[in-house]
Amino acid sequence: MATFHEDFDDFNTNSKEWQKYGGGCISSLYNNLGSDAETFVQCKDNKEQYTRFLQCHDAWYPVPELSFQEKSLEEAEQYKSIGNSYFAKGAYEDALGLYKQSILNAPKKSETLAISYANRSAVFFKLEKFEYALLDIEAAIKEDYPEDKLDKLLLRKEMCLKVISARKPIKKSFDKYEDPKVTRANLMCPALSDKVQVQVSEKAGRYLIAKEDIPVGEIILVEEPFVLVQIRSLYRITCHYCSSLIERAVPCDLCAKIAFCSENCKNSATFHSYECQLLDLLFDSGLGKDAFIGLRLMTRYSPDRVMNALKDGVYSAILEAEYHPEFKERTEEARIVITSKFLTDVLKKVNFLKDNDEIHVAPLIMQFLRSIRFNKLTVDKFLSHDPEEEMYDVAVGMYNTFNLINHSCDPNVFNYFLRNNVILVAKRPIKAGDEVAFCYGPRYPAVPKDERRKELQRDFQFFCECAVCTKDPDVKIVQNLNLKSFTQRRLFCCPSCYKLGLRIKQDSRTSICKECNNSINPKALLHQCQNLIKKIEGVNTRIGDVFDFKDVPVLLSLVKDFGDVAGWPSEYGLKAEEIVMYLIRRLGSSQEISASDIN
């Protein structure tokens, strides 16, 4: 069960102002609600629940005055000075990072900001990133760069323009890539393939069914997030709007806590005009990702549009998302109502809401928080070309169409990200009438059935009854693919009819499929499996200029071939899937990283 203080990086909850509000009120209310908490569960709807809460706790502490930490000219000067020393030594990458920090910390229209932009343009020039150098030169001039130094800056601008105009267009490796897309868009859900349709049942809720056969490697969904919140530890590394890796940081005009990758993203992030003033308080609050997403669901729109949200349907998909009301617990309901009260209070503090809006908006936030808990999706990416680099969680968001997909411990699809888009791909053949299923957490057969069900019950509040969970007993994975293991497993997919009907007898030269009576040589079958694995493992060296999105169906077909030949599941079959999914996810990140590098 989630607690009020969900994990969200390391917060300082010891600030004096927060102790007045959080330590003195939220924590004590959450931990000591007693019989009051039980009444929340019994209320008929969110509005009654919230009204009951206000009646029980009319002595609610007010939100403290906002302790907004403005930009620091002193810190900006320090970063600029150190950056200058690194630039003089030729340590351009280090200088780039320090000038970035100076730019993020320098107040608007300060000489320090203008000079830091100019100095960073010199670094970009040295690194032959001339387009970025030009952008920084223009930014320095806009910030009133000192006139007595302007000649040198304008000369650099002229040199950049000369190099760019003389340079022949270089066809980059990423130029050949086309963004993945569904072949035919679904008229009802444009993010979905037309080969899939949405169905509803009382037991399964909303879910996806294949209308026609879907081959391995076909894209089923490409969707932008409805709302996205960046991971706090990456606020200055990834863009606060699009979550892309930042090469040329663009600062907020008021705070030094976040960065954008471009002026376009900065101008698009209208929500930050409200959140900017709240970040210190929110960071100190101990609130988790769910609360930040709930806040962003409000601030992504104008206040007037939020008040009409229920009328115009902009939140319909979020409000209709599954949240398992049958599993309501008083501690969870207490957390939700307290969090909604806090968020409405802070939104009033920045004049996003009026006092009389609270009784209408707080119940809406309560419904958001219930849906977010079970439907949020973590965006994970590689942040460099280094093959040894691990993937990072860079953001958490709500994807309305993706949320239609139900869970299976043995899914037939997997996902990866390109920028903020989630792409869903068939990793096995999906027949017409089959459910399209994604794995929410522990996967078969890596984790035993009882452990999988326990974890899913804890995190998502449902008892898993997917196809493999209803099988008994759990399948034992073969540790070594050899003839002995073949004879130990006995039952395999027939390469003729593709049904699980081939029994291999020890020391037999041939085996007969009970489904189609086809005979097969076990040694030849083993040799075929081993060759397929060599092909799949060999792909690992092809990423980069050779490996393309067009290779995805081919790679996944190799996995399909392995399953057809060796049966499913098998240790090597799972390894083959993991290699292919790793390569595709790295390719998505590589395209994003390459596209962000102008040169």
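Visitor: What should I know before I start?

Guide: The model is predicted, so local features need pLDDT of at least 70 and side-chain atom pairs count only at pLDDT 80 or more, while totals for chains, interfaces and linings use all residues. Residues are numbered from 1 along each chain as its sequence is written, and side-chain values use heavy atoms, leaving out hydrogens and water.

Visitor: How many helices and strands are there in the protein?

Guide: Helices (H or I, at least four residues) and strands (E, at least two) are DSSP runs, numbered from the N terminus. Here there are 22 helices and 16 strands.

Visitor: At what angle do the axes of helix 6 and helix 8 cross?

Guide: Axes are lines fitted to C-alpha atoms, for helices over the stretch in contact, with angles from 0 to 180 degrees between N-to-C directions. Helix 6 (residues 111-126) and helix 8 (residues 150-166) have axes that cross at roughly 30° and come within 11 Å. Angles under 35 degrees count as roughly parallel, and these two helices are therefore roughly parallel to each other.

Visitor: Which residues make the contact?

Guide: Contact means heavy atoms within 4.5 Å. Helix 6 contributes Ala-118, Ser-121, Ala-122 and Phe-125, and helix 8 contributes Leu-153, Arg-156, Met-159 and Cys-160.

Visitor: Is helix 12 enclosed or open?

Guide: Buried means under 20% relative accessible area (1.4 Å probe, protein chains only). In helix 12 (residues 289-299), 10 of the 11 residues are buried, so it is largely enclosed by the rest of the structure. Among them are Asp-290, Phe-292 and Arg-296. Across the 599 residues of the protein, 52% count as buried.

Methods: Angles under 35 degrees count as roughly parallel, over 145 as roughly antiparallel, 65 to 115 as roughly perpendicular and the rest as oblique. Buried means under 20% relative accessible area, exposed over 50%, partly exposed in between (1.4 Å probe, protein chains only).
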